[in-house]
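Work through the exercises below with the sequence and the model in view. Each task is followed by its solution.

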Amino acid sequence: GGLPITSGADNRVITATGANALTGESKLTFDASTTQLKITRDDDSNSGLYVFHNDGNECARLTQKGTGHEGTLVLRDGGTATVILDGETGSNSYINSGNVGIGSAIPAAKLDVVGGIKADGTIRLDNNTSPTIYLTSNSTTGDSRLFFGDPDSDLVGRLSYVHNGDYYTFYAAYGERFRIAGNGDITVTSIDANATG
């Protein structure tokens, strides 16, 4: 059996001898002033915290990667990496199993977000058959809206579907311009006196 750690000194280094021992090449210390358990390396190995199943398969790791200060979190299932969060600049992180929820404990899609999404750039849909965007409302009276421009400004284009009226409306620069009813009828609701064409 091993010897217990006694005397409770801060920054105590655990060392031993043998093939599986913690040595000076991989230091494990506990600092009571910060309540931090630290794993520090002296070389360029991927030192870190590893978790194994009793059959010898790795389940997870939290390591310092390579020769720099990059941190990596890897979660595995049966030896296959299902989650990788790579702190190295330019490296990819991914989740390749199951669904991811933000604000949802039971995500219904690859990415299920409850709340608003803001993208500073381009949103791209790639599909070999038919890329699709759905705008849905959980209310039978709520509107589904697609904005063009800044939604916080009146000077914005907007295409809306009004559930309780079964019609589509198109807004541009301060107001509704026309609507399309469910039966296909088109009604011009306002015209800008300064418009041309």
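**Exercise 1.** How do strands β11 and β12 run, and how many bridges join them?

Solution. Strand β11 covers residues 157–162 and strand β12 covers residues 167–172. The two run antiparallel and are joined by five bridges. Strands here are DSSP runs of E with at least two residues, numbered from the N terminus, and two strands pair if DSSP finds at least two bridges between them.

The model is predicted: local features need pLDDT of at least 70, side-chain atom pairs count only at pLDDT 80 or more, and totals for chains, interfaces and linings use all residues. Residues are numbered from 1 along each chain as its sequence is written, and side-chain values use heavy atoms, without hydrogens and water.

**Exercise 2.** Which residue of β13 is the bridge partner of Y167?

Solution. Start with the pairing: β12 and β13 are antiparallel, with six bridges. Within β13, Y167 has A181 as its bridge partner. Two residues lie between the strands of this hairpin, where A173 takes a positive phi near 50°.

**Exercise 3.** Is I133 buried or exposed?

Solution. First locate I133: the residue sits in the loop between β9 (111–113) and β10. Next apply the cut-offs: buried means under 20% relative accessible area, exposed over 50%, and partly exposed in between (1.4 Å probe, protein chains only). I133 has 66% relative accessibility and therefore counts as exposed.

Key:
Helices (H or I, at least four residues) and strands (E, at least two) are DSSP runs, numbered from the N terminus.
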